Amino acid sequence: MHWMLYALLQVALSASGQAALRVEVVSGATPLAGAAVVAGEHAAITDPQGVAVLAIPPGKHTVSISLDGYLTVTAVVELAAGAERVLQVEMRVQPEHEETITVSATRTNMRLEDQPMRVEVLDREEIEEKMLMTPGDIVMMLNEMGGMRVQSTSPSLGAASVRIQGLRGRYTRVLSDGLPLYGQQVGGLGLLQIPPMDLGQVEVIKGTASALYGAGAMGGVIDLVSRRPPAEPERELLFNRTSRGGTDVVGWLASPLSSRWSATLLAGGHWQDDVDVDDDAWADLSSYSRAVVRPRVFWEGDRGRSFFATAGVTFEDRTGGTVDDEPLPQLGAPYVEALDTLRFDVGAVATAILRKRFVVTARAAATRQRHSHRFQDILERDRHLTLFGEVAVRGSAGRHTWVAGAALEHDDYDPRDVTRFAYTYTVPGIFLQDDMTIAPWVSLSVSGRLDEHSEYGRFVSPRVSALFRHNPWSARISGGTGFFAPTALTEETEAAGLTRLDVPRPLLSERGRSMSLDITRTDGPASYTLTLFGSRVRNPVTVFRSTSYALVNLPEPSTHRGVEALVTFRQGPLVATATYTFVRSRETGEEGARLETSLTPRHSAGLVGMLETEAGRIGLEIYYTGAQRLEANPYRTRSAAYAIVGLLGEKRFNRWRLFVNGENLTGVRQSNFDPLTRPSPSIDGRWTVDAWAPLDGRVVNGGVRVDF
């Protein structure tokens with residue numbers, strides 16, 4: 001009967017000059033009834049056989065097929081007068097955890113599942129879990145993502161950097177709402193000075209992303225997206241205390257100011273006592289006092305206009321070395337290392353729609369920070385100024401969503417006591433990106449950027465990503481190139497200082513390229529992802545520390561290859577995640593031999609389970625870290641492998657929440673294997689070896705959260 005009606009419709013269409021579009025909608029082998037099929041002003045609903053027929057004018061049309069519980073599908077069709085066309089559509093079940101996730105780090109504000117470029121996202125629920133473990137910083141939150149490792153860079157002061165897929169931490173760019181509010185290079189203590197309470201989402205792009213964000217993004221991008229204020233006033237206070245003498249007090253306020261304006265305020269105080277865990281006179285945990293204040297304002301106008309602005313102040317005094325003026329036995333006298341930090345930043349983002357077709361976004365930021373770093377009798381003071389501005393236009397035409405823009409970055413470093421390392425970089429750039437839907441099962445993203453560096457010249461950074469989908473499978477392939485403008489600021493020099501550092505030859509710019517392929521299968525509440533990745537860096541800058549303390553370009557490229565596996569299960573109140581990463585990272589050593597990159601384990605794995613109900617939550621974490629090559633370590637050349645276990649519990653009483661968290665319950669501590677301090681100072685002046693395992697051992701923290 002259905003075919004007879006369709007035949008009669010063809011006769012009528014031939015006479016009228018219109019075209020017929022027959023849409024057949026299935027999920028697997030099952031026809032889907034009740035799906036809405038829309039093509040411009042024409043719409044129909046699929047029948048029990050999953051079929052809808054539209055009579056539409058000839059020409060090109062964008063067809064949208066939607067059904068509750070399924071991902072929306074769009075397709076572009078072109079029909080001639082009197083023609084008939086059959087469009088077969090397969091719809092995928094909408095995973096619960098991806099329903100409302102929109103990604104901004106790729107500039108096109110697309111849904112997570114539609115991004116050709118692989119983006120990993122931590123939502124607010126996951127951020128809250130990590131906030132109960134470390135309310136004062138984002139280190140644990142990042143360290144527990146697959147393929148990422150937060151590496152301690154200074155056992156004396158606790159500094160850390162983020163390594164993505166085996167690449168050095170200086171190649172990772174950390175942004176806040178797309179703005180470099182924490183400076184151009186956020187290594188060292190920057191990650192320890194960002195409280196997570198006012199974060200709504202964390203977006204991570206792994207691999208070279210210079211095509212999107214220029215210099216500094218050669219290893220990847222971490223974008224910390226702020227928590228938006230709700231429609232009603234909201235106030236939250238958290239108090240936390242640890243068994244190792246740490247205290248955190250953090251407050252968050254959010255409120256509408258008018259029908260269009262709203263604001264949030266984050267304020268926190270954080271304190272830590274110096275703790276000598278192994279009784280060797282050296283502080284395994286450095287003491288610090290830190291204050292952070294960050295207000296944000298939001299404006300939502302009509303016709304797509306919006307405005308966002310923020311400002312921040314961070315003040316911290318941090319002291320390490322020997323405790324209570326005790327002498328270091330090897331030195332015969334106390335040793336003190338201290339760092340004072342003062343940072344101011346301001347940033348804004350404005351958006352408007354022009355001619356009802358183009359979205360114009362303007363961003364601007366300025367950061368000024370001051371450091372005073374003391375290494376016993378040596379004092380190193382510096383000033384660092386970062387300026388940033390960008391204007392971008394986004395539009396769509398048929399299958400294409402494009403972005404074009406221009407940016408200007410200025411980085412001014414003024415080390416007052418070691419002036420030979422001062423620099424001023426100014427980098428104007430232009431960029432272009434085109435995301436296109438080629439077919440319902442394949443989409444493509446092509447981007448490129450041209451930067452004119454004031455010191456190192458011109459750089460062209462392309463990137464191409466593709467997404468292939470066939471329910472329940474999806475695959476993404478991505479590749480690109482990028483660059484990094486070298487400075488004397490590396491993980492090693494921030495820990496040991498610049499006074500003793502030698503740069504025998506002018507440094508060359510570092511050039512990198514990366515590729516990745518990931519395959520995902522979604523099976524009801526479970527999803528499985530396997531990722532193959534590889535990257536190569538030419539002229540890599542490294543610090544020699546065996547026979548000299550020197551900063552040089554290596555003659556051979558560094559290479560990084562590996563595999564990531566991710567399994568996620570979400571059903572009802574239970575969320576479980578398993579990760580495994582294998583990475584083989586190699587570079588040329590001081591004597592010219594090819595070696596594994598130090599402090600980069602080949603094998604790492606994690607298992608996290610969280611059960612959450614209205615009454616509270618309980619979680620279990622298990623992490624394994626494999627052996628790592630060590631350098632400049634008099635006790636061993638390779639670390640031991642280790643596993644740590646954590647337990648988290650939270651109980652809710654109306655507006656009150658009580659929580660307790662046990663971290664590293666297995667009691668792993670580096671000083672259980674070897675001393676942390678050296679028999680004599682190294683050639684760079686440090687009295688400690690590199691940290692390759694936890695220094696503080698078993699730690700229990702607990703506290704209270706109050707909503708009022």
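**Strands, rings and surface**

Trainee: Y171 and F484: buried or exposed?

Mentor: Both Y171 and F484 are buried. Buried stands for under 20% relative accessible area, exposed for over 50%, and partly exposed for what lies in between, with a 1.4 Å probe and protein chains only. This is a predicted model, in which local features need pLDDT of at least 70 and side-chain atom pairs count only at pLDDT 80 or more, while totals for chains, interfaces and linings use all residues. Residues are numbered from 1 along each chain as its sequence is written, and side-chain values use heavy atoms, with hydrogens and water left out.

Trainee: How many aromatic pairs are there?

Mentor: The count is 11 aromatic pairs. Rings of Phe, Tyr and Trp (its six-membered ring) pair if their centres lie within 6.5 Å; planes under 30 degrees apart are called stacked, over 60 edge-to-face, and the rest tilted.

Trainee: Which residues form an aromatic cluster?

Mentor: Y413, Y423, Y425 and Y456 form one aromatic cluster.

Trainee: Back to strand 12. What is the order of the open sheet with mixed pairing?

Mentor: The order is 9-13-14-12, a sheet of four strands. Its edge strands, each pairing on one side only, are strand 9 (120-122) and strand 12. The twist from one strand to the next averages 15 degrees. For angles, axes are lines fitted to C-alpha atoms (for helices, over the stretch in contact), and values run from 0 to 180 degrees between N-to-C directions.

Trainee: Do strand 12 and strand 14 run parallel or antiparallel?

Mentor: Strand 12 and strand 14 (residues 220-226) run parallel and are joined by five bridges. Two strands count as paired if DSSP finds at least two bridges between them. T172 stands opposite G220 in strand 14.

Trainee: What about the open sheet with the order 4-3-6-7: is the pairing parallel or antiparallel?

Mentor: The pairing in this sheet of four strands is antiparallel. Strand 4 (42-45) and strand 7 (73-79) are the edge strands, each pairing on one side only. Neighbouring strands are turned by 20 degrees against each other on average, direction ignored. Four bridges join strand 3 (residues 36-39) to strand 4, and A39 stands opposite H42 in strand 4.

Trainee: Which strand forms a hairpin with strand 35?

Mentor: Strand 36 does, with two residues between the two strands. Strand 36 (residues 616-625) pairs with strand 35 in the antiparallel sense over 10 bridges, and T613 has G616 as its bridge partner in strand 36. Strand 35 (residues 603-613) is also joined to strand 33 (residues 574-588), by nine bridges and again antiparallel. Here L611 in strand 35 is the bridge partner of L574.

Trainee: On to backbone details. Which residues does a cis peptide bond join?

Mentor: The cis peptide bond joins N471 and P472, with omega at about 5 degrees. P472 lies in the loop between strand 26 (457-470) and strand 27 (473-484).

Trainee: And what is phi of A281?

Mentor: Phi of A281 is near 80 degrees, a positive value in a residue other than glycine. A281 sits in the loop between strand 17 and strand 18 (287-300) and is buried, at a relative accessible area of 6%. Q376 also has a positive phi, near 55 degrees. Its loop runs between strand 21 (358-375) and strand 22 (378-397), and Q376 is partly exposed at 21%.

Trainee: Last topic, the surface. Which residues make the nonpolar surface patch?

Mentor: L237, F239, V249, L253, L265, W271, V293, V313, F344 and F708 make a patch of about 820 Å². The elements that give two or more residues to this patch are strand 15 (234-242), strand 16 (246-256) and strand 17 (261-272). Patch residues have over 30% relative accessible area and no salt bridge; like charges are joined within 9 Å, and nonpolar side chains (Val, Leu, Ile, Met, Phe, Trp, Tyr) within 5 Å. A salt bridge needs a side-chain nitrogen of Lys or Arg within 4 Å of a carboxyl oxygen of Asp or Glu. Areas come from the Shrake-Rupley method with a 1.4 Å probe, and for residues only the protein chains shown count as cover.

Trainee: Where is the place of F239?

Mentor: F239 is in strand 15 and is partly exposed, with a relative accessible area of 38%.
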